[in-house]
Structures are given as C-alpha cells and as structure tokens.
Amino acid sequence: QAALGCRVAQVLMQYCILANHYWFLVEAVYLYKLLIGAVFSEKNYYRLYLYLGWGTPVVFVVPWMAAKYLKENAARGGGAGLCVPLHCLCPQINLLIFMRILKVILAKLRANQKGYADYKLRLAKATLTLIPLFGIHEVVFIFATDEQTTGILRYIKVFVTLFLNSFQGFLVAVLYCFANKEVKSEMKKKWQLWKLDH
C-alpha cells in the first residue's frame, strides 16, 4: 500500500509539473493574443485553453506511467526504475512568444517615446514581469537535469526553480488582481458597501 501510494504521488507530481508548464504556455498564448491578434476565435478559446492547460499533460503522463510500470516489472524490483524527466516544448515555445511580445512592446514604447521618456525602464519592467509569468527561467535549466547537476549548481538550480515557480502565482495575483485599477475600484466599492451595511 505504501508503494502504491508513492507511485500515485509520483504520477500526480509529474502531472502537476507538466500542467504548470502548460499553463505557462496558456498565459503566453493569451497575452500574445491580446497584444498581436486573435490566435483562437473568440467563440471557443476558453475551452481550448482548458484543454491545453489541463488535458495536454495527460498525453505525456499516461505513456510515461506505462513505460515506468513496464520497466519496473521487467526489472522485478531490482532496478532503480525509470528516471526520465518529462521535458516538454513549453519553455522553448514560451521563449519564442516572449521574444515576439517584447518586440511588440518595444515597438509600441518607441512609437510613444514622447509620451514615455523612460521607455527603456518600462521595457525592463515588462521583461522582468514576463520572465516568471511565462516560465522563461525554465529555459536556463532545461539541459541541466537533476541527474547531470551536482554540488552547488544543483542547489542553485533547485533554489531558482522553486523560488520562481512559487513566485509566479504571487506575481500574477499582484499584477493582474491587486494592482489592477478595475479590481481596486471594485474592491473599494465593496468595502464602502460593507461599511454602510455595518
């Protein structure tokens, strides 16, 4: 039962890691759609985003799970098991979308250079915001797998990956919820209504 629980936990962990990567991709595609043009039709883009974010990882996890099960049965418990990391193309695709979005942002800032004297600072802020939002940090360590990294490099990789993966949700919440003018005004209205009621 303990072994079964460990296997289920490992499969769920791999699914969650891949879902995280694919939701990075969904965020990148959505922002690209907003800035550049329609990628999917307005009629059904939400369902496609859901399939991409939650469904695509299943396509990778199920064969991985089957291969791991078959390898462990072939080794009859004597082997170390299948330790193949589940890399996907999401970080590379996100890097391409990231560069394309930065190009559009730079063009817009240069076009409005008179209105924004500090356009280089604004570009730097946009870049630093998009790096954790799109999971660009994953590209840095894409070839440095856990098996290949040792010593201080492994600690750096683990720290940076865990910090930025954890920071991503907080960054999205701050930038797109708490710092959003519309959200702030709605929260202010709700607060005032609550104060009047009490």
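View 1. The chain exposes about 13800 Å², with carbon and sulfur atoms supplying 67% of it (accessible areas come from the Shrake-Rupley method with a 1.4 Å probe; for residues, only the protein chains shown count as cover). Please note that this is a predicted model, in which local features need pLDDT of at least 70, side-chain atom pairs count only at pLDDT 80 or more, and totals for chains, interfaces and linings use all residues. Residues are numbered from 1 along each chain as its sequence is written, and side-chain values use heavy atoms, leaving out hydrogens and water. There are 7 helices and 0 strands (DSSP runs, numbered from the N terminus: helices are H or I of at least four residues, strands E of at least two).

**View 2. Confidence along the chain.** The average pLDDT, the predictor's confidence in each residue from 0 to 100, is 76 for the chain, and 81% of the residues score at least 70. Confidence is lowest in helix α5 (residues 137-140), at a mean of 72, and highest in helix α7 (residues 181-197), at 87.

**View 3. Residues 77-86.** Here pLDDT stays under 50, and the model has 15 contacts beyond four places in sequence for this stretch (contact means heavy atoms within 4.5 Å). Where pLDDT is low, the predicted coordinates should not be read in detail.

**View 4. Tyr-155 in helix α6.** Tyr-155 lies in helix α6, residues 151-178. Tyr-155 counts as exposed because its relative accessible area is 62% (buried means under 20%, exposed over 50%, partly exposed in between, with a 1.4 Å probe and protein chains only).
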